[in-house]
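Trainee: I would like to learn how to read the strands and helices of a model. Please show me the one to work on.

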Amino acid sequence: MKNLYFLLLSEALTLLLSAPMSAQNGPTMGWSSWNTYGVNINESLIKRQADAMVSKGLKDVGFDHINIDDGFFGGRDTETGELLIHKTRFPNGLKPVAEYIHSKGLKAGIYSDAGANTCGNYYNGDTQSVNVGFYNYDDHDAEFYFNECGFDFVKVDFCGGDAPQNSQRLALDPQERYTAISEAIKRTGRTDVRMNVCRWNYPGTWVHDVAFSWRTTHDINNSWGSVKGILSENLYMSAYCYDGHYNDMDMLEVGRSMTTEEDKTHFGMWCIMASPLLIGCDMTNIKGTTLKMLKNQELIALNQDTLCLQAYIAKLSNECYIMVKDIETLGGKKRAFAVYNSTDDSKTVQVDFVDLDLAGKVTLRDVFLKKDLGEFEGQYEVTVPAHGTRIYVAEAEQRLERTRYEAETAYISDYQELKNNQTEKTGIYEYASFCSAGLKAGWLGYSEQNDLQWRDVYSTTGGEYELTIGYICGESRSITVSVNGQKVKTISVNSGGWQKVATRTLNIQLEKGRNVIRLSNPSNWMPDIDYIQLKCLAPTAINAPASVSNTSGQAYDLQGRKVNADDVHHDVMIVDGRKIMKK
């Protein structure tokens, strides 16, 4: 008889994988010209980078895009609409360059703008980058780039739509423009083109249905401060990476001037957080240590994992973030986790496996070192240097149901970062030292869409659960709790202060498999939310009463009667309110 856990897991996987995905493609991997060269590019430079990607072995480990960024434009013929190419930088035009890239077994990427002029025109004084963007030429340019030239990827900027230094800016609507460009690409008949939206901040939840990936922050630069800042703006974005569409933390600055530990954090966190990996240095003279790190196939495997997940915050410990995600199998016993130290001091961190939803003996592998560390039980202690990160693959004897869901791992239906959230009444994520993992979700409510949803609450069997909500508010505010689209209860709460977390508990019923827990208030502000906590009270769909075990190993049935733990043969047990596979 098949184990019930795996039958239910199979059902959940079927449900997840039936959702629309951009095939089973991981985040884009390759090289982009912008970080090192800006607009100062040319045909021979691009070809040399394609050669280097192959000769340095980067193609062999998955890097397969050569992306031409801004700087190739030569204006536009206003009578015919023909896009002109820079005569001295690309004297033979773009098509031969794309063909050369393809001849190396690589994919070719190109650049444009959703408006008229490009960023190179506004910020780099490139006078030939005028009226060369998609604006007014969506279908014309899509046909040129993707059918005539054969490009496979496009980064679409927004300087021509709303550049701060553009005195004649068009003030275009990002959703309208990017949707129109996406539709134009579809009309070419090319279904394999990857579009990257470069709006500098997360543009809104609409972007998931428009682009393959999207920028979440302003441009990266070659400094630790920039990398740290980008990470701080993406630690709470895991809910927006799903179905094979990705948050883009911008191009890589590894191999330039940061320290070894900072480069490891930069690349390692981009990998485990499922960001596109676009090398930004000159690959023809890349440092040996940088090349070795970029070719670490174990790190790349975390980035390209077929579950297409971004690691989320599991816990904040000694000022270090513990990030975790499933790999290979959804809900399985193998998970990847990172310990990220953003501080200026070395930190010693105890990783409790229960916080990773793992139990029993846990085998650890250090992904940076590509080394097995051995078998551990209960916890693992690691010292992480300043600005450093350590990344591991953990394989456990037992997988626990997740019971702790931080607010920063939840989804806000109307989330965006372009407009004032108070005016627009859209929720935000804020750093707050008094919260359990250092963040909270706030400015929620006043519309059905300004809600907070945990959309992947997994229950092995379904059943009755105790739901505890950690909230913050200095006045009485209401929350409507819904599960799987059904209202459970509206509660009024007041924690007694805006820096004080209080809790409210109620009982809910979960279905087996994936569930959605939603907090909302359509007519007024909600309290700020720190987390929700789940405790299983009574499971369903098992053959016999489950057992409950305390820390001494004594087992009890659900009526509180003592039983012999060795004689319990149920598929599912409850341990301290958490469902667990019996060994």
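Trainee: Which residue of β7 does V154 stand opposite?

Mentor: V154 faces M195 in β7. Helices (H or I, at least four residues) and strands (E, at least two) are DSSP runs, numbered from the N terminus. This is a predicted model: local features need pLDDT of at least 70, side-chain atom pairs count only at pLDDT 80 or more, and totals for chains, interfaces and linings use all residues. Residues are numbered from 1 along each chain as its sequence is written, and side-chain values use heavy atoms, with hydrogens and water left out.

Trainee: In which sense do β6 and β7 pair?

Mentor: Strands of a sheet pair through backbone hydrogen bonds, either parallel or antiparallel. Here β6 (residues 153-157) and β7 (residues 194-197) pair in the parallel sense, over four bridges. Two strands pair if DSSP finds at least two bridges between them.

Trainee: What is the strand order of the sheet?

Mentor: The order is β9-β8-β7-β6-β5-β2-β1-β10, eight strands in an open, parallel sheet. β9 (246-248) and β10 (277-279) are at the edges with a single partner strand each, so one side of each lacks a neighbour in the sheet.

Trainee: At what angle do α3 and α4 pack?

Mentor: Axes are lines fitted to C-alpha atoms, for helices over the stretch in contact, and angles run from 0 to 180 degrees between N-to-C directions. α3 (residues 43-55) and α4 (residues 95-103) pack at about 10 degrees, axes 10 Å apart. They are therefore roughly parallel (under 35 degrees; over 145 is roughly antiparallel, 65 to 115 roughly perpendicular, the rest oblique).
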